[in-house]
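Please read them with the coordinates open.

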Amino acid sequence: MADTLLSSPFLGLFLSAAAWCAGCWLQKKTGLLLCNPLLIAAALIIAALSLLRIPYESYALGGDFIKLMLGPVTAVLALNIYNQRDILRENFLPVLAGCLAGSLTSVGSVLLLCRLFRVEETLTASLLPKSVTTAIAIGVAESQGGVGGIAAAAVIITGLIGAVLAPLFARVFHVTQPVAEGLAIGACSHALGTARAMEIGQVQGAMSSIAICVCGIMTSVLALFL
């Protein structure tokens, strides 16, 4: 029975869905920033795999089905952009400038810190695309000699930090303009941050969706010159 369960993709799918629902419930109950559903779900899945001694490979049979949806889900964000096309048209140049500033800051800060702490080139290449969506980040990292797994982990951690702390940073730095807030969230914390931006407002969500696409392209181009 156990062998059949471990060899079935339903284990990973059920565990992921249950952990996500638990995270959503906990966030609604507490209202705390740190109780982000994705953060809670990741912690619960890790705990379950460790306590029950379930091999990661068995979980990945179902978890990989969810990973396949990354591309289509990112593409669906285009609908939100279309609905806010008038705002995009009015702010076209500020959007490009903001995305360029975000991409340069992200890549530049990684390079600076890695040089400062004398990090090896493989790890540096893996961390460079930390602020773009996973599908693009893995391709950029591997093209620079990095490790796709490390790049994916860096993207997830960056996105979680952005999703949890973005509203706090907006209040601390008095960012009240919806377009600027959305661009900042999308430029630094990609899809995970965009999900949070959509909860804040439609304009923020649309601008964050745009930042994902534009910053992904800009980061890919910047990587060619590094």
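**Notes on the predicted model**

1. His174 counts as exposed because its relative accessibility is 66%, where exposed means over 50% relative accessible area, buried under 20% and partly exposed in between, with a 1.4 Å probe and protein chains only. His174 is found in the loop between H10 and H11, and although His174 is not a glycine, its phi is positive, at about 55°. Most residues other than glycine have a negative phi.

2. On the basis of these notes, this is a predicted model in which local features need pLDDT of at least 70 and side-chain atom pairs count only at pLDDT 80 or more, whereas totals for chains, interfaces and linings use all residues. Residues are numbered from 1 along each chain as its sequence is written, and side-chain values use heavy atoms, with hydrogens and water left out. Helices are DSSP runs (H or I, at least four residues), numbered from the N terminus.

3. Arg118, in the loop between H7 and helix H8 (121–127), also deserves a look: Arg118 is not a glycine, yet has a positive phi of about 55°. With a relative accessibility of 78%, Arg118 counts as exposed.

4. Helix H10 (residues 148–172) and H11 have axes that come within 8 Å and cross at roughly 75°, the axes being lines fitted to C-alpha atoms over the stretch in contact, with angles from 0 to 180 degrees between N-to-C directions. H10 and H11 are therefore roughly perpendicular to each other (angles under 35 degrees count as roughly parallel, over 145 as roughly antiparallel, 65 to 115 as roughly perpendicular and the rest as oblique). Among the residues that meet are Gly159, Gly162 and Ala166 in H10 and Cys188, Leu192 and Arg196 in H11, contact meaning heavy atoms within 4.5 Å. The residues of this contact divide into 11 nonpolar, 6 polar and 2 charged, where Ala, Val, Leu, Ile, Met, Phe, Trp, Tyr, Cys and Pro count as nonpolar, Asp, Glu, Lys and Arg as charged, and the others, Gly among them, as polar.

5. For helix H7 (residues 92–116) and helix H12 (residues 202–223), the axes come within 9 Å and cross at roughly 55°, which makes H7 oblique to H12. The contact includes Val95, Cys99 and Leu100 of H7 and Met207, Ala211 and Met218 of H12; by class, the contact has 13 nonpolar, 2 polar and no charged residues.

6. The largest nonpolar core has 13 residues, and those with the most contacts inside it are Val95, Cys99, Leu183 and Met207; such a core is a set of buried Ala, Val, Leu, Ile, Met, Phe, Trp, Tyr and Cys residues joined through side-chain atoms within 4.5 Å. H7, helix H11 (178–200) and H12 each give two or more residues to this core, and the largest share, 8 residues, comes from H12. Beyond its neighbours within four places in sequence, Cys99 is in contact with Leu183, Ala211, Val214, Cys215 and Met218.

7. Gly62, in helix H4 (residues 56–67), is 50 residues from Gly12 in sequence but 4.1 Å from Gly12 in space, C-alpha to C-alpha.
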